[in-house]
Amino acid sequence: MLIMALALQVGSVSAKDTQNAVLASVKGDVLLFQGDRYLPVQTGQRVSDGDRLMIMEGAEVKVVFDSGCEVVWKGAKIVDVDVESCPTLAGLWIPCIGGGAGGAEGVAIILTQIMGSVLVKRDGQFHIAREGEVLDHGDQLKVDGKAEVNYKGACSVVYEGKKTVAVDENSCPIAVLKELKGEVFVDEGQGFHPVAKGHELKNGVKLRVPEKSRVEISYFNGCDEAWDGLEVIEIDAGKCPLAAAAPVGNCTPAIFGNQTPVDVMTFVGTGVVLGIIPGTDNPVSPPPPVSP
């Protein structure tokens, strides 16, 4: 019994030693990836090197390492806790959450809030949903109450009441109707109906532009397109002529390892653009880690 108690005590101390930082303050929605899901964190919680934090739009977390170094991360981004990165922020992944077409590649779809009964159907089988659970495109949610789903950091959708809904990675708008002349109609899955300037558009919806009408849309990845009458258009940021080159407006350069801020990585739509600021000799940076 004594040997077992000592073993448990040593194990407990070892586990404690791996935690080398504290979340000194948490404002807004900050999630920590644990096991197979993201869970909310709170002020005072201890974290370890390698822990992954998802900081939602408008949120902020202050991390103080036991070494005395501290760093403040503001949403929207995903960061890996790493004492070696403080204060240079090496290892910081900023995927411009919410800035592009449906969010950044590799960022998860997360069930952020549950009230009442929520079941998830995957591969033909139901299981009880858990807050922080990572969802897949095509999963079904059987809701009897309320479920909030965050789609790759780009937007959150609340499903209320008693209903069954499909988890759809195209649930977030990717463009806005910037200008229109005459009548323009949109089909969002239930037939065409008139649409007004400022209407937000999701991937795959269709616009019908009658004769003598004109429409201009602005994709959130920075690309604009316009069409004149007698057109039926399917919204797709990837087909926008400038989509491959247009920078996302609110992106920040990501910094990895021993890189410096001149190593620029910007996520555009569903692709990745790697580049170096002119006048430097640094090689192209490696891709970021894949978010669980």
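Which residue stands opposite Val 22 in strand 4? Arg 46 does. I'll come back to that pair after the overview.

First, the ground rules. This is a predicted model, where local features need pLDDT of at least 70 and side-chain atom pairs count only at pLDDT 80 or more, while totals for chains, interfaces and linings use all residues. Residues are numbered from 1 along each chain as its sequence is written, and side-chain values use heavy atoms, with hydrogens and water left out.

Now the overview. The protein chain has one helix and 24 strands. Helices (H or I, at least four residues) and strands (E, at least two) are DSSP runs, numbered from the N terminus. Of the 292 residues, 40% count as buried. Buried means under 20% relative accessible area, exposed over 50%, and partly exposed in between, with a 1.4 Å probe and protein chains only. The chain exposes about 15,200 Å², and carbon and sulfur atoms supply 53% of that. Those areas come from the Shrake-Rupley method with a 1.4 Å probe; for residues, only the protein chains shown count as cover.

Strand 1, residues 19–27, pairs with strand 4 in the antiparallel sense over three bridges. Two strands pair if DSSP finds at least two bridges between them. In general, strands of a sheet pair through backbone hydrogen bonds, either parallel or antiparallel. Here four strands form an open sheet in the order 4-1-6-7, with antiparallel pairing. Strand 4 (46–48) and strand 7 (70–74) stand at the edges, each with a single partner strand, so one side of each is left without a neighbour in the sheet. Neighbouring strands of this sheet are turned by 35 degrees against each other on average, direction ignored. For that angle, axes are lines fitted to C-alpha atoms, for helices over the stretch in contact, and angles run from 0 to 180 degrees between N-to-C directions.

Next, strand 5, residues 52–55. Both of its faces are covered. Arg 52 and Met 54 are buried on one side, Leu 53 and Ile 55 on the other. Strand 5 pairs antiparallel with strand 2 (residues 30–34) over three bridges. Four bridges join strand 5 to strand 8 (residues 77–80), also antiparallel. Look at Leu 53.

On to the cysteines. How many disulfides are there? The count is one, taking a disulfide as a pair of cysteine sulfur atoms within 2.5 Å. Cys 155 and Cys 172 form it, with sulfur atoms 2.0 Å apart. The pair links distant parts of the chain, 17 residues apart: Cys 155 is in strand 14 (155–166), and Cys 172 is in the loop between strand 14 and strand 15 (173–181). The S-S torsion is about -90 degrees, so the disulfide is left-handed. Both cysteines are buried.

Ser 171 lies in that loop too. Ser 171 is buried, at 11% relative accessible area. A polar atom of its side chain lies 2.6 Å from the backbone oxygen of Asp 168. Beyond its neighbours within four places in sequence, Ser 171 is in contact (heavy atoms within 4.5 Å) with residues including Cys 155 and Lys 202.

Last, backbone angles. Most residues other than glycine have a negative phi. Lys 212 has a positive phi, near 70 degrees, and sits in the loop between strands 19 and 20. Leu 230 has a positive phi of about 60 degrees, in the loop between strands 21 and 22. Lys 212 is exposed at 75% relative accessibility, and Leu 230 is exposed at 66%.

Notes:
Polar contact = N/O pair within 3.5 Å; in protein donor to acceptor, adjacent residues only side chain to side chain.
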